[in-house]
Amino acid sequence: MDQRIINLFDEYTHAPLTRKNFLDRLAKLTGGTALALAALAVLEPGYAQAATVSTSADDLVLEDVTWPGDGDPVKGYLARPKGSKKRGAVVVIHENRGLTPHIKDVTRRVAQAGYLALGVDALSPLGGTPTDEDQGRTLIGQLDPAKNLNNYLAALAYLRARPDCNGRTGCVGFCWGGGLSNQLAVHDPKLNAAVAYYGQQPKAEDVPQIKAALMLHYAGLDERIDAGIPAYEAALKANHTPYELFVYPNVNHAFNNDTSPARYNAEAAKLAWERTLKLFKDKLA
């Protein structure tokens, strides 16, 4: 697909660009409305086709859970392996559309790898994740950043207090969630591991607060997010923060999202996921 189309879709998913304006510009790039709609079918997520771990997987226990948040209860999707073994726990942080079926599937993948996995619905204070992704993006912008961060810190505390947790915790976030994964590393000194996929970097002056081992995955074509890499890496090196940083060449932002064929890159996603699970094995098992 023409890179200009992918860049436009990235602008639409991250900037205040209305659907009408997006479709008008897409039609100009593709040469007409019919071709624009055909391109959109490839760009937008297909959740059912991309699910990799079934909701009826016989090796997992799946449940909806709630814990006290900053002013309002927070809801989440908990996936865990069957059995009574104490396990490390991972908070899974969604993109800027909420706790979608894709992120629930990622949560099940983490659980199937042997961890307590909690997909947090950041939109809980606003009624929860809607089925309309455009509405989800709008609601994300209405969240109070400080309260939202507190809700995720509370999620980590909730997991640590569970009798089936071994006390070690990590997080993994994507896009909007990648930025929040970095923020959890800054604000939770008990966090053992934080993985950020194409996430916004924290301020350099906040880096000394990080105690967790970091793993940072970036897309080589993602100029918007990649612009923040040099300052972040310089601060990490200056503070001797344990980290691994990988830039996957010739792939787009959201390369891990297998519900979006135009941006998904199977080779990069597989390698990044293997690296992520290795970090969790080293720090959480």
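Predicted model: local features only at pLDDT ≥ 70, side-chain atom pairs only at ≥ 80, totals over all residues.
**View 1. The largest pocket and its centre.** This pocket has a volume of about 780 Å³. Its lining counts 29 residues. Closest to the centre are H14, N96, I140, G141 and W176.

**View 2. Residue classes in the largest pocket.** The lining has 13 nonpolar residues and 12 polar ones.

**View 3. The largest pocket between two domains.** Domain 1 spans 3-43, and domain 2 spans 60-284. Both give residues to the lining of the largest pocket, so this pocket lies between them.

**View 4. The second largest pocket and its centre.** Here the volume is about 220 Å³. The lining is made of 14 residues. Nearest the centre lie N7, D10, D222, E223 and R224.

**View 5. Helices and residue classes in the second largest pocket.** α1 and α9 each supply at least two residues of this lining. The largest share, five residues, comes from α1. By class, the lining of the second largest pocket holds six charged, five polar and three nonpolar residues.

**View 6. The second largest pocket between two domains.** Residues of domain 1 (3-43) and of domain 2 (60-284) both line the second largest pocket. The second largest pocket therefore lies between these two domains.

Notes: Residues numbered from 1 in each chain as written. Heavy atoms only, no water. 1 Å grid on protein atoms, 1.4 Å probe; cavity = no way out; pocket = protein on both sides within 12 Å on 5 of 7 lines; lining within 4 Å. Points joined across faces, edges and corners; volume = space filled by probe spheres on them. Nonpolar A, V, L, I, M, F, W, Y, C, P; charged D, E, K, R; others polar. Domains from an automatic or database assignment. Helix = DSSP H or I, 4+ residues; strand = E, 2+ residues; numbered from the N terminus.
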